[in-house]
Each structure stands twice: as structure tokens, then as C-alpha cells.
Amino acid sequence: MAKLDDCPLKHTASNLCFADGNPGARLMIIGEAPGRDEDRMGVPFVGADGQLLDKMIASIGLDRASVYLTNLLPWRPPGNRSPTDEETAMLLPWLFRHVQLAKPEFVLLLGGAAAKLVLGSHDGIMKLRGRWRDVDFGDGVPRPVLASLHPAYLLRSPAQKRLAFEDLLLLAKRLASVAIK
Ligand code: URA
């Protein structure tokens with residue numbers, strides 16, 4: 001990805017923000033895009049959103065060593081603007097390939113942008129969240145995918161943490177039900 005010179009976002013970002021956590025984890029978490037802190041460090045979810053995400057996964061007994069984290073976009077759009085349709089169309093196949101290589105058992109999508117693009121839906125996140133769907137990321141393997149609310153949204157609307165926690169409990173239940181003994 002570091003050589004993907006055709007993507008305009010690469011040229012305005014400070015760093016490629018590829019992934020964090022454990023690439024062999026059973027759960028892959030996909031956020032939206034690096035923010036200012038992530039762009040500076042080259043690591044996804046290191047800012048305030050990431051701190052809340054750490055607390056969210058800790059509430060179901062997970063940490064960065066037991067999940068694999070990435071974003072829809074590996075570069076911060078300038079000024080945190082929304083990516084263009086061309087940019088997301090260019091980068092989505094790279095995300096799908098990333099999932100194929102990491103081979104997670106489960107995928108958690110955070111926020112409307114990731115949910116809509118990965119699930120190929122025009123519905124909003126409130127409609128898409130909280131329900132397991134199988135997605136084939138291009139390797140013929142149907143992977144259970146759950147969409148939930150983005151921590152940035154939860155920082156702005158803390159009353160919605162209840163819904164996010166319901167989703168986390170669904171995730172915990174699924175992880176426990178097929179735990180490798
Ligand atoms: N928000 C995201 O979606 N991803 C990050 O890495 C940071 C904030």
C-alpha cells in the first residue's frame with residue numbers, strides 16, 4: 001500500500017496508517033479513517049476515539065493483543081474531509097485483500113461509512129448495526145460481520161453507548177460460542 005502513488009490521499013497524509021494489534025486475532029475491527037493523532041503516529045485508533053475503543057473492547061475481555069485493527073482508509077483525508085467516491089472505490093479492494101490475508105473469524109465494522117461500504121448498503125448505521133451478516137471478502141469464505149456505532153459518535157452522543165454495549169455483548173456471545181478450546 002505504501003507504493004500506491006495513484007491514491008491522492010497518500011500525498012497529503014503524513015503516514016500510512018495500516019493496522020495495529022494482532023494480525024492473527026480472531027476478530028478484525030474496521031474503522032473509518034485515521035484522524036490527526038493516527039496520521040502523526042501511523043497507527044490506527046491512538047487518539048481519543050481509540051481510548052474509548054480500548055475501553056469498549058475491554059468491557060468484553062479483549063485488548064489490542066486479542067484484536068486486529070484497521071480502517072477503511074489507510075491515509076487521513078486532508079482536514080478530515082470525507083473521502084470521494086473515487087478514493088473509496090480505489091481503496092475498498094485493498095481492504096478486502098487485507099481481510100483475506102488476515103483471515104479473521106469475525107469482523108466488527110465501526111460507523112456508517114465502513115458499514116455501508118463493506119455491507120454494500122445505503123441504509124444508515126442505526127439500521128445496519130446489531131445484526132450479524134455473512135460477507136464474502138473475495139476469498140469465497142462467508143465471514144460473520146457485525147456493524148456497530150463508532151467511538152467518535154459515542155463521544156459526541158454518550159447516551160448511545162447502551163446500543164454499542166448491546167452490540168458488544170452480541171460479539172462476546174459469538175466469540176464464546178465458537179471459542180477454540
Ligand atoms: N477513527 C477511526 O475510524 N479510525 C482511527 O484510526 C481513528 C479514529
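**View 1. The ligand takes up the largest pocket.** A pocket here is an open set of points on a 1 Å grid over the protein atoms alone, where a 1.4 Å probe fits and protein lies on both sides within 12 Å along at least five of seven lines. Keep in mind that this is a predicted model, where local features need pLDDT of at least 70, side-chain atom pairs count only at pLDDT 80 or more, and totals for chains, interfaces and linings use all residues. Residues are numbered from 1 along each chain as its sequence is written, and side-chain values use heavy atoms, with hydrogens and water left out.

**View 2. Here's who surrounds the ligand.** Gly31, Glu32, Ala33, Glu38, Pro44, Phe45, Asp49, Asn71 and His150 are around it, each with a heavy atom within 4 Å. By class, that's three nonpolar, three polar (Gly counts as polar) and three charged residues.

**View 3. Zooming in on polar atoms at the ligand.** A ligand oxygen is 2.7 Å from a side-chain N or O atom of His150, and a ligand oxygen is 2.8 Å from a polar backbone atom of Phe45. The protein buries 96% of the 240 Å² that the ligand exposes when taken alone (Shrake-Rupley method, 1.4 Å probe).

**View 4. Now for the sheet: six strands, open, with mixed pairing.** The order is S1-S3-S2-S4-S6-S5, with strands being DSSP E runs of at least two residues that pair through at least two bridges. S1 (20–21) and S5 (133–136) are at the edges with a single partner strand each, so one side of each has no neighbour in the sheet.

Conventions:
Polar contact = N/O pair within 3.5 Å; in protein donor to acceptor, adjacent residues only side chain to side chain. 1 Å grid on protein atoms, 1.4 Å probe; cavity = no way out; pocket = protein on both sides within 12 Å on 5 of 7 lines; lining within 4 Å. Sits in = over half its atoms within 2 Å of the grid points. Helix = DSSP H or I, 4+ residues; strand = E, 2+ residues; numbered from the N terminus.
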